[in-house]
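Hello,

Here is the structure I promised to pass on. Please open it first, then read my notes below.

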Amino acid sequence: EEGQLLCEYGVEGQSYTMVDGMPRLTEEVQQHMDNGDTDWLVNNVGAGLGGSGVVFFDFILTDTDPDARFGESRPGASGTSTFTTAVELATEYPVSYKLVKGLDATAYLNAESMTEVKAQMSLLDYKETLVQAMYADSEDDAKAILESFKKQMESAGLAQFEEYVKSIYDGNNDSVNFYN
């Protein structure tokens, strides 16, 4: 925790103070944060400050949940007028999400009748196949790689899966979402 504090907030008493067990930036540091004065932060505080200061420190940290540890998503976030304004705006203009009907087609691989197909499909690595095809020596080699993957999918039960999803879709076309 001491290393996390030093890397993110700097030195206690100089760049931050502890308030109710949580680090809070001093007024001077907070002002420079709010003004985006990165040079001043790097030269005078020497801490990561959530990417606003010495960026190196943000790369070496292993704790990726500063909100849980320090009560704010990044140093100074809870003390800025920007944060307060953002909370007010979010409260005043809540975001509403549109519900998209149906499950992704691949969600139906979890059906009991698809257990064997899912097991076979899980052995295939689509992303790796794309990388191999992209870096193939020739267009013919790329086509051969993709054709090989297609045969592997067919062997794994692609036709059975397509037939299963089609039967569900034919029963209720709102039950399958083909577009994320």
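Start with A133, which lies in helix 8. Helices here are DSSP runs of H or I with at least four residues, strands are runs of E with at least two, and both are numbered from the N terminus.

A word on the source before going further. This is a predicted model, in which local features need pLDDT of at least 70 and side-chain atom pairs count only at pLDDT 80 or more, while totals for chains, interfaces and linings use all residues. Residues are numbered from 1 along each chain as its sequence is written, and side-chain values use heavy atoms, with hydrogens and water left out.

Is A133 buried or exposed? A133 is buried, because its relative accessible area is 12%. (Buried means under 20%, exposed over 50%, partly exposed in between, with a 1.4 Å probe and protein chains only.) Leaving aside residues up to four places away in sequence, A133 touches A142, I145 and L146. Contact means heavy atoms within 4.5 Å. A133 and K143 are 10 residues apart in sequence, and their C-alpha atoms are 7.3 Å apart in space.

Now the helix pair. Helix 8 covers residues 126-134 and helix 9 covers residues 139-156. They pack at an angle of about 165 degrees, with their axes 8 Å apart. That angle makes helix 8 roughly antiparallel to helix 9. (Under 35 degrees counts as roughly parallel, over 145 as roughly antiparallel, 65 to 115 as roughly perpendicular and the rest as oblique. Axes are lines fitted to C-alpha atoms over the stretch in contact, and angles run from 0 to 180 degrees between N-to-C directions.)

Which residues meet? From helix 8 come Y126, T129, L130, Q132 and A133; from helix 9 come A142, I145, L146 and F149. The contact holds 7 nonpolar residues, 2 polar and no charged.

H32 is buried, with a relative accessible area of 18%. Its contacts, again without residues up to four places away in sequence, are D37, W40 and L41.

Last, the overall picture. The protein has 10 helices and 4 strands. Along the sequence they run α-β-β-α-α-α-α-α-β-α-α-α-α-β. Buried residues make up 28% of the 180 residues. Among contacts between residues at least 6 apart in sequence, 56% join residues at least 24 apart.

Best wishes

Methods. Nonpolar A, V, L, I, M, F, W, Y, C, P; charged D, E, K, R; others polar.
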